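Please open the model in your viewer and keep the selection panel at hand.

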Amino acid sequence: MNSELKLASVSDIKETPLSHRDFSPYTNNGGTTIAVAGKDFCIIGADTRMSDGYSINSRKVTKLCKLTDKCVLASSGMQADILQLQKTLKASLQMFEHNNGKQMSTPAIAQFLANQLYYRRFFPYYSFNVLGGIDEFGNGCCWSYDAVGSHERVRYTSSGTGQQLIQPLLDNQVGKTNQNVEKTLLSAQEAEDVVKDALTSAGERDIYTGDYADICRIDTTGIYFSEFELKFD
Amino acid sequence: MSIMEYNGGAVLAMVGKNCVAIASDLRFGVQAQTLSTNFSKVFPISSKCFLGLSGLATDILTLHQKLVFKNNLYKLREEREMSPRVFANMVASTLYEKRFGPFFSEPVIAGLEGPENKPYITAMDLLGAPVDAHDFVMSGTCTPAMYGMCETLYRPNLEPDDLFETISQCLLAAFDRDAITGWGAVVHILTPTGVISRKLKGRQD
């Protein structure tokens with residue numbers, strides 16, 4: 001044979017298999033949400049920035065989702081999981097309405113959301129939710145959640161990348177801790193001002209919070225949306 | 001477990017009208033165990049310059065001793081006090097000397113500069129990189145909480161009594177959201193006429 005077939009023997013073949021060990025199914029798209037419940041109203045606010053690392057994907061993506069005439073959900077975390085969660089929630093609430101002839105009450109939605117999150121206990125929705133609204137008696141209420149459905153009804157709460165900045169502010173201004181003043185409930189205007197200040201301050205110091213902020217007031221007469229600008233930097 | 005979170009603690013400084021305030025919590029602990037409720041992290045360098053140190057407690061004490069030592073030598077040689085800006089520079093150099101084996105402490109310096117007693121504050125990371133702010137600076141384990149509070153409650157040109165109220169509310173609210181900071185606080189207000197020091201009793205947990 002003039003030309004020998006030079007076939008590599010098996011031992012010469014060294015192939016490293018493709019490694020996807022560093023793939024993470026989760027990412028944090030940032031943002032901050034706040035809710036303050038009063039006697040007969042609830043204020044929910046959230047910024048509208050959607051980021052990915054140090055980049056901004058969009059300046060105007062809402063984190064608020066109107067579930068019923070008396071209930072709004074605000075979610076921060078991974079946008080993909082949030083959209084899916086909100087979609088399935090809305091669908092389930094519609095089914096409830098068709099089957100029972102009435103909308104789900106806000107406390108019932110609070111429990112329902114917790115159950116939905118816990119179904120995914122071993123591959124969670126990367127979403128940090130805040131639910132706010134008024135219950136059947138017209139009282140303002142809000143709930144805070146973790147990613148797997150642990151929830152608590154509270155007077156005020158925040159979640160997202162600005163949570164650590166804002167939560168002590170809410171303690172001080174809404175809960176009136178460490179002050180020798182009467183611990184009265186806030187009026188709707190006062191609560192809205194606190195939420196605006198909180199989002200503005202978070203926008204200053206948290207890189208993932210900024211651009212615009214949505215504020216939503218829920219009371220017995222309906223749901224009122226408004227928007228204001230935060231810093232674009 | 002981060003070394004900077006082993007002992008816990010926080011320091012905050014704020015600028016007012018012809019005055020500065022510097023404050024810290026009083027907890028000394030080892031991870032979850034609190035060992036003392038009387039460990040102030042703010043130290044006087046002169047009547048016009050105070051140093052606050054957060055982070056690992058042993059490095060707080062050592063750095064304080066080293067800096068007081070260097071300050072005393074300066075006073076003996078120069079026969080004058082070190083101005084806060086110069087002192088801050090010295091702190092930065094002292095930290096950078098240990099660039100590849102640092103002290104695990106992040107200082108905050110507050111003082112009144114020069115004959116006009118112009119308020120001066122600065123903070124540094126553990127390697128000595130300074131940040132010059134005109135409103136407030138802080139370091140410790142609950143900096144996000146303190147940032148949120150200060151950003152909202154701070155206004156420029158506060159009189160000493162108003163500055164005291166503002167810094168106290170910022171501190172106490174921030175400490176209450178951090179498990180390893182708190183057990184009371186100490187606040188020093190530096191004015192051209194003197195220093196007013198007060199202790200705060202917050203949630204004792």
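Among contacts in chain A (heavy atoms within 4.5 Å) between residues at least 6 apart in sequence, what percentage join residues at least 24 apart? The share is 62%. This is a predicted model, in which local features need pLDDT of at least 70 and side-chain atom pairs count only at pLDDT 80 or more, while totals for chains, interfaces and linings use all residues. Residues are numbered from 1 along each chain as its sequence is written, chains are lettered from A in the order in which they are written, and side-chain values use heavy atoms, with hydrogens and water left out.

Select chain A first. Colouring by DSSP runs shows four helices and 12 strands, where helices are H or I runs of at least four residues and strands are E runs of at least two, numbered from the N terminus. Of its 233 residues, 48% are buried, meaning under 20% relative accessible area with a 1.4 Å probe, protein chains only. The C-alpha atoms occupy a box of roughly 100 × 45 × 30 Å along the principal axes.

Next, select helix 3 of chain B, residues 143-153. Its buried residues include B:Ala145, B:Met149 and B:Leu153. Their cover includes helix 3 (163-173) and helix 4 (188-205) of chain A, as well as strand 1 (10-15) of chain B.

Finally, select the cysteines. A disulfide requires two cysteine sulfur atoms within 2.5 Å, and the count over all chains is zero. A:Cys42 is buried at 0% relative accessible area, but its sulfur lies 5.2 Å from the closest cysteine sulfur, in A:Cys142, too far for a bond.

Key:
Buried < 20%, exposed > 50% of the residue type's maximum accessible area, 1.4 Å probe, protein only. Contact = heavy atoms within 4.5 Å.
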